[in-house]
Each structure stands twice: as C-alpha cells, then as structure tokens.
Amino acid sequence: MNFAITPYQKENLPEVQLPDKAFLKELGETGIRKLVDYHYNLLRKSKISHLFAKDDDEFEKAKLRSSDFFIQILGGRPYFNENRGKPMLVQRHAPFKITPKARITWLECYRDALKTIVIEERLMFSFWNYLNSLSMRMIN
C-alpha cells in the first residue's frame with residue numbers, strides 16, 4: 001500500500017476528516033492498542049525519540065493516552081475524555097517542538113505500524129488520511 005505523506009503547508013491546511021469507525025470495529029480496542037504500541041516503539045528508536053518520555057512508566061502512559069484518544073475518535077468509549085478531559089491536541093502538543101521533519105518521521109513510523117495489520121484497504125486509508133491531515137496541525 002502506498003501511504004503518501006502530504007507535504008506540509010502552513011496556509012490552507014487540508015480538512016481533517018475523522019476515520020471510518022469501522023476501523024475500530026474491525027481491529028477492536030485491543031488491536032488499536034497494539035497498533036499504537038507498535039508505533040510508539042518505533043518512535044522510541046526514531047530521530048524524534050527526544051520528543052517522548054525517557055522514563056518507561058511515563059512512556060507507557062503516553063501510549064495509553066494515545067490509544068485512548070484513537071479509540072474515542074473511532075467511536076469507542078470516551079476513555080480520553082474520562083481520564084484527561086477534552087483532547088485539545090494543539091495545546092497539549094505545544095510544549096514539544098514539532099517540526100515538519102518531525103511530522104514526517106511520526107507519519108513514517110505510523111506507516112510502518114499500519115503495514116503490520118490486516119484490514120480492508122479503504123479503512124486503512126481512512127485512518128491514514130486522518131493521521132496525515134491532523135499531523136499538519138501539530139507543527140509548531
């Protein structure tokens with residue numbers, strides 16, 4: 001599968017469309033958590049590892065928050081809101097210097113993680129397109 005990364009543009013950011021909720025129905029919560037776990041493990045070895053917690057417990061908490069977020073936006077239980085409040089992603093990511101290059105690395109790690117799951121292509125691209133467009137908003 002070709003997961004193209006849309007080049008970052010400061011102006012006229014693409015619309016962010018939520019991924020198809022069938023992505024969660026197909027993978028289940030356990031599958032989402034495994035996907036996020038795999039992604040974070042790739043990030044920990046990446047060029048942007050400095051953006052993530054060094055402490056193992058904190059790193060595991062970050063994985064949990066991320067998987068809670070994805071489960072929630074995919075129509076599952078609102079774990080993120082229950083545990084952290086409204087997502088407010090731009091504000092929560094503001095303390096971290098996220099560059100266009102860091103975004104590409106983050107997406108490349110997700111691309112590799114997505115290749116480990118078996119799911120309908122249209123659902124895969126629905127999730128990928130969400131990540132691709134949302135990630136542009138995290139650049140600061």
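Let's start with one term: a residue is buried when its relative accessible area is under 20%, exposed when over 50%, and partly exposed in between (1.4 Å probe, protein chains only). By that rule phenylalanine 80, at 6% relative accessibility, counts as buried. What you're looking at is a predicted model, where local features need pLDDT of at least 70, side-chain atom pairs count only at pLDDT 80 or more, and totals for chains, interfaces and linings use all residues. Residues are numbered from 1 along each chain as its sequence is written, and side-chain values use heavy atoms, with hydrogens and water left out.

**Helix α2**

- Helices here are DSSP runs (H or I, at least four residues), numbered from the N terminus.
- How far apart are the end C-alpha atoms of α2? They are 26 Å apart, which agrees with the 26 Å that its 18 residues should span at 1.5 Å a residue; the expected span is 1.5 Å times one less than the number of residues.
- At the start of α2, the backbone nitrogen of aspartate 57 has a side-chain oxygen of aspartate 55 within 3.1 Å.
- After α2 comes glycine 75, with a positive phi near 95°.
- The buried residues of α2 include Phe59, Lys63, Asp68 and Gln72. As a group, the buried residues of this helix pack against α1, α3, α4 (89-93), α5 and α6.
- Glutamine 72 belongs to α2, which covers residues 56-73, and counts as buried because its relative accessibility is 15%.
- Contact means heavy atoms within 4.5 Å. Neighbours within four places in sequence aside, glutamine 72 is in contact with Arg77, Pro78, Tyr79, Phe80, Asn81 and Pro87.

**The nonpolar core**

- A nonpolar core is a set of buried Ala, Val, Leu, Ile, Met, Phe, Trp, Tyr and Cys residues joined through side-chain atoms within 4.5 Å.
- The largest one has 41 residues, and those touching the most other members are Phe23, Ile32, Phe70, Tyr110, Leu114, Phe127 and Leu131.
- Two or more residues each come from α1 (22-44), α2, α3 (79-84), α5 (100-114) and α6 (121-136). Which helix gives the largest share of this core? That's α1, with nine residues.
- Leucine 131 is in contact with Phe70, Trp106, Leu107, Tyr110 and Leu114, leaving aside neighbours within four places in sequence.

**Aromatic rings and charges**

- Rings of Phe, Tyr and Trp (its six-membered ring) pair if their centres lie within 6.5 Å; planes under 30 degrees apart count as stacked, over 60 as edge-to-face and the rest as tilted.
- There are 11 aromatic pairs in the structure. In one of them, phenylalanine 69 and phenylalanine 80 have ring centres 6.0 Å apart and planes at 80°, so this pair is edge-to-face.
- That pair links distant parts of the chain, with phenylalanine 69 in α2 and phenylalanine 80 in α3, 11 residues apart.
- Phenylalanine 69 is buried as well, at 8% relative accessibility.
- One aromatic cluster is made up of Phe23, Phe69, Phe70, Phe80, Trp106, Tyr110 and Phe127.
- A charge sits over a ring if NZ of Lys or CZ of Arg is within 6 Å of the ring centre and within 35 degrees of the ring normal. Arginine 33 lies over the face of tyrosine 79, 5.2 Å from the ring centre, and the charged end of arginine 44 sits over the ring of phenylalanine 59, 4.0 Å from its centre.

**Methionine 124**

- Methionine 124 is in helix α6 and is buried, with a relative accessible area of 2%.
- Methionine 124 is 100 residues from leucine 24 in sequence and 11 Å away in space, C-alpha to C-alpha.

Conventions:
Polar contact = N/O pair within 3.5 Å; in protein donor to acceptor, adjacent residues only side chain to side chain.
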